[in-house]
Amino acid sequence: MSDQLAGRTVFITGSGGVLGSAYVRRMLAAGARVIASDLPGHRADALMAAHGGNPNFRFYSLDVAEESQVETIFSRIIADGWHPNVVLNNAAITGELLMGAGKPFPDFANTSVSDWERTLRTNLTGAFMIARQMDRDIVGRWPATLVNVASMYALNGPHHEIYQGMPFRSFSAYSTTKAGIHGLTLWLAGYWAKRQATVNTIAPGAVFNGHSDEFQRRVGALIMAGRMAQPDEIADAMLFLCSAQAGYMTGQLVSVDGGFSGW
Ligand SMILES: NC(=O)c1ccc[n+]([C@@H]2O[C@H](COP(=O)([O-])OP(=O)(O)OC[C@H]3O[C@@H](n4cnc5c(N)ncnc54)[C@H](O)[C@@H]3O)[C@@H](O)[C@H]2O)c1
């Protein structure tokens with residue numbers, strides 16, 4: 001238990017995933033009040049089972065792709081007596097999620113416009129709508145910070161050959177949205193600066209989530225550290241970006257990728 005996030009009330013989208021659930025656990029332990037949100041389902045249920053009894057934890061069902069839901073989320077939270085001063089645009093359609101949907105992973109030539117648009121809607125339009133709502137309901141009322149979540153595939157292309165024979169691939173819409181989200185960070189940083197709001201991007205590297213030894217070997221060879229990250233290693237940097245110690249940072253992209261983007 002530390003007090004790194006004492007006084008922080010953190011709102012997180014997509015909180016039930018591999019990284020989101022680590023952020024929730026670590027932020028509660030660091031003294032934050034945590035407002036988790038996700039689509040209804042087993043991830044939301046697992047969060048409630050783990051933290052539902054904690055007075056510093058709340059959960060709201062939220063689909064970030066649904067404008068009407070996003071437009072009321074902060075007014076509902078504020079009406080319930082909590083005042084978020086940190087917001088994480090963490091929800092995304094990821095490779096893990098497409099795999100979980102049980103669909104064969106499409107190659108580029110067979111990528112449907114509907115998968116492309118669904119990915120843009122969640123990863124980019126959803127993040128825009130959350131930021132816009134933060135502008136309407138929070139920014140200027142009290143000091144606040146936004147962290148947008150990109151990826152090591154935002155500024156670097158994938159080595160496509162590491163996915164050969166794997167049940168998943170990297171997909172084009174994902175990289176496109178992760179490159180785009182840092183544009184939102186840059187645009188907002190200057191726009192919010194005079195209203196005591198900061199915004200940064202975190203770009204996590206490849207996070208271990210039960211991947212095969214062969215995949216770990218292939219991707220590990222591309223990473224200076226020689227291995228995938230544990231979720232807690234991404235959380236370490238995320239907690240810093242959410243803390244008062246990051247108060248003089250805005251408009252930045254922080255890569256936490258074991259050196260993937262460094263060579
Ligand atoms: N895990 C990695 O290796 C990795 C690497 C780089 C970046 N990232 C990024 O980190 C973030 C978290 O990734 P993760 O690994 O935890 O992914 P994950 O797939 O485990 O979790 C994503 C979460 O987003 C939620 N979500 C999806 N669509 C949503 C919607 N419309 N509304 C609300 N919630 C929705 C899902 O329910 C899920 O809980 C993502 O933005 C991802 O792109 C992850």
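Predicted model: local features only at pLDDT ≥ 70, side-chain atom pairs only at ≥ 80, totals over all residues.
Local features were taken at pLDDT of at least 70 and side-chain atom pairs only at pLDDT 80 or more, while totals for chains, interfaces and linings use all residues. Residues are numbered from 1 along each chain as its sequence is written.

Helix α1 has twelve residues and spans 17 Å from its first C-alpha to its last, close to the expected 16 Å at 1.5 Å a residue; the expected span is 1.5 Å times one less than the number of residues. Because nine of its twelve residues are buried, α1 is largely enclosed by the rest of the structure. A residue is termed buried if 20 or more other C-beta atoms, placed from the backbone, lie within 10 Å of its own, exposed if 12 or fewer, and partly exposed in between. The buried residues of α1 are L19, G20, S21, A22, Y23, V24, R26, M27 and L28.

Just after α1, G31 adopts a positive phi of about 90°. This glycine belongs to the loop between α1 and β2 (33–38) and is partly exposed, with 15 other C-beta atoms within 10 Å. Although G31 and A6 are 25 residues apart in sequence, their C-alpha atoms are 4.7 Å apart. Apart from neighbours within four places in sequence, G31 is in contact with S2, D3, Q4, L5 and A6, contact requiring C-beta atoms, placed from the backbone, within 7 Å. G7, in the segment before β1 (9–12), is exposed, with 11 other C-beta atoms within 10 Å. Its C-alpha lies 6.5 Å from that of A32, at a sequence separation of 25 residues.

A positive phi is also found at Q196, about 60°, although this residue is not a glycine. Most residues other than glycine have a negative phi. Q196 lies in the loop between α6 and β6 (197–204) and is partly exposed, with 14 other C-beta atoms within 10 Å.

Helix α5 comprises 25 residues and reaches 34 Å from its first C-alpha to its last, close to the expected 36 Å at 1.5 Å a residue. The helix bends by about 35° at R121, the bend being the angle between axes fitted to the seven residues ending there and the seven starting there. Its buried residues are T119, T122, N123, L124, G126, A127, M129, I130, A131 and M134. These buried residues pack against α3 (67–79), β4 (86–89), β5 (144–149) and α6 (172–192).

Beyond four places in sequence, M238 is in contact with Y23, V147 and I202.

C242 is located in helix α8 (residues 231–242) and counts as buried, with 28 C-beta neighbours inside 10 Å. C242 touches L5, R8, V10, V86, T145 and V147, residues up to four places away in sequence being excluded. Of these, V86 is 156 residues away in sequence and 6.4 Å away in space, C-alpha to C-alpha.

G205, in the loop between β6 and α7 (213–220), is likewise buried, with 23 C-beta neighbours inside 10 Å. Residues up to four places away excluded, G205 touches M152, I223, A229, V256, D257, G258 and F260.

Definitions and conventions. Helix = DSSP H or I, 4+ residues; strand = E, 2+ residues; numbered from the N terminus. Contact = placed C-beta atoms within 7 Å.
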